[in-house]
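Subject: Structure handover

Hello,

The structure we talked about is below. My notes on the contact between the chains and on a few local features follow it.

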Amino acid sequence: MIDFFSVSDRNSVFGRSIDLFENVDFHLPRGRYALLARSPEQRRLVLDVLAGLRPPRAGHVSISGSISWPIGRSSVVRGRATGYDFITFVSELYGVDADQAGDIVTLLVSRPDYIDQPIDTWPPYVRQEFNFALALVPEFDIYVVDAPMPYEETRFTRLWQALFEERLVGKTLILSSYRPKQLLDYCAKGLVYEGGQLFIDHDLESCIERYPARPAREEIGLGNADSGQYTELDF
Amino acid sequence: MSSNEERIAQWRARRDAEKSSRAAHPDLPSEFALIATRAEALATGDREDADGVLALVLESLRSMPSTTIGERRQVYDAVARGIERGVEHGDAQSEFAELRRRQLRTIVRLVENDARLDIAVTDPGYRPAEFDDAVGALLSGYRRRRALREGAEGSRLRRQALLSDESFTISVSEEDEGDLLYLRQRLAVVDAARGRRSIHQLRPRLDAWRALLRFEFALLRAESRFALLWSLLGPAVLMGILSFAYFFIGTHTILNMDVPTFAMIGGATWFMLRNTMFRTSTGFINRRSLHNFEAVTPAMTGISVGMVYLSSYSVVFPVLILGGYAIDLFTLPANVGGVVFWIACTGAIGLAIGSVFGCIAVVWPYFRQLGPVIQRSLMVVSGTFLVSEQLPTDYRAFILWSPLTHALQLLRTAYFENYTSDDADPEFFFAWLGALIVVGAVGQRLIRSRSNPA
């Protein structure tokens, strides 16, 4: 469950400041939701607040139970660390055995030979598989997915989908994807962000028609929505 | 069975077939009724290709005494009628029935064209020239439609499972079933082990700190070797420059401190302080990918980066001091405990200043461009080059406002037996340190809502 108590928030999209939430009180019960908004960049900002990654400027967000990282978000898995370093990091963070986690991930992904190399050297599909595979290891009460889920007809997709389906039973899912079929396959209701407010819409199909999903700039390789840069103070 | 009995059995079978064909198609002559009956099997056959349809059509044409256009038309109609009856009585999917109709229409068109061109369509081995291309397109269309139907059916079942909160079974290939089973077992083991852990509220936060520090050590290891070597060489180079400057003006001791050791202590401490400050502040920004994990905050990433770089100086200082001592360049510290304490305090103030800078950089990204200016300004007032007692009394206030000068002079007091700083004040330093920690702590709470995960 996720609760918003008098939440107000501002943020910027492409350098333009917007009021993200205006005094929102909202209760999200257990269930499977497709996050829908007018623009994919708004979806991302809303997801950050929902997942407790960024506290709002005013008010409070309460999350009951464990919540995943935004699974599939490309920026999560990157850097000079190796795959095993990352597995160890996530395992320690969520209190699971790193060796077991490593076994699961290496068996699942198509190219386990990359895992002991720096992540920066991996092809994008290997990073994405790794991202999704690792998300299966710790069990969460709330799964947050911020990318299209694996759908190509591959061994990885089949195995991942089979295990993820089992993981999802009795859990909450918040899915932000630009693939309408996935939204219909995985979600029962729409979680709609519109005009600074959140509401639940039980008619998912009409919701998807009203808020047609499209990929964010980041997802089509045009950079991040916010103005964050990576220059170092150090030299 | 004798040949006579065989003939009788065949005659009886033919008679029964004719009788049932006439019963099924009473309005057709018996020979066409028989064709229609045989065509019924095409609607429910296992094979999807059109060879069976072609074979039946050609066989039926051959069984006719003569092949006028009218008779051929009757044969085609009988086959079509048989297929329709087969569809009605069988459990064929509508796409398959449609495939058979289209295959028959195509075959009729091809055979009829050839027949009208006087090609002997009833000869054994006859096959229309465009047969494979024409029916191939039909078959691929059929397979596409079937996949769509199966996909829609799968989605319907999936949605049903979703709405009743059940697991939808995804089929995997036989060779992957073993892997799936193994993965399930592994996940069950992981879940069971995790369930036994303490769920004290403090636990996730401590786990996050530990995980971050280990991760940062792994990243430090992955840094280029030159970057790691520079953490040793940097202080040595700065020490060389400072010593040369003092030697050049004929100074070999500064207030009873030998110049090489004085310069080494100043240079190494400055490098440590600089690295800690700016790595910490940078960690607020360039580790934003880690802020996608709920337990990790900007302050945690900044401080953990700073701590990891700070810890590397636990190797740098002993190596420099002992190495320099071995070649008679440096003296050993007079008070090892005091030296370690003041190095740690300098590192702590580096972390605190870095945290404040990190908070400012989150709110005002341009602040990062001021890094070099800030660094050089702080270097002047850090006590790296000189101690305040070297300056005339009136000018001492220009550097003594800085807690860094106090820390370095107290460090040199602990290191050198014959030097005691008159100006350095531990209380002044700790007041600054406390204030910076408070400002950093408050600042990191204020900036959290402005720091977007990458």
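**Interface and local features**

By the rule used, 10 salt bridges cross the interface of chain B and chain A. The model is predicted. One of the bridges links the side chains of A:R32 and B:D165, at 3.4 Å from N to O. Polar contacts between chain B and chain A come to 26 residue pairs, with both residues at pLDDT 80 or more.

On the chain B side, the elements that give two or more residues are α6 (131-163), α7 (174-195), α8 (202-222), α10 (259-286) and α13 (371-380). The most comes from α7(B), with 12 residues. By class, this side holds 28 nonpolar, 16 polar and 24 charged residues.

In total, 68 residues of chain B and 71 residues of chain A take part in the contact. The area buried between the two chains is about 6500 Å², and carbon and sulfur atoms give 54% of it. B:R158, B:R194 and B:F293 lose the most area in chain B, together 11% of what that side buries.

A:D85 sits in helix α2 (residues 83-94) of chain A. Its relative accessible area is 14%, under the 20% cut-off, so A:D85 counts as buried. A:D85 touches B:F215, B:A218 and B:R221, and its side chain makes a polar contact of 3.5 Å with that of B:R221.

Helix α1 (residues 40-50) of chain A is largely enclosed by the rest of the structure, because 10 of its 11 residues are buried. Among them are A:P40, A:E41, A:R43 and A:R44. Just after α1(A), A:G52 has a positive phi of about 75 degrees.

Regards

Technical notes: Residues numbered from 1 in each chain as written. Chains lettered and ligands numbered in written order. Predicted model: local features only at pLDDT ≥ 70, side-chain atom pairs only at ≥ 80, totals over all residues. Heavy atoms only, no water. Helix = DSSP H or I, 4+ residues; strand = E, 2+ residues; numbered from the N terminus. Buried < 20%, exposed > 50% of the residue type's maximum accessible area, 1.4 Å probe, protein only. Polar contact = N/O pair within 3.5 Å; in protein donor to acceptor, adjacent residues only side chain to side chain. Contact = heavy atoms within 4.5 Å. Buried area = accessible area lost by both parts, 1.4 Å probe. Salt bridge = Lys/Arg side-chain N within 4 Å of Asp/Glu carboxyl O. Nonpolar A, V, L, I, M, F, W, Y, C, P; charged D, E, K, R; others polar. Lists of a residue's contacts leave out its neighbours within four places in sequence.
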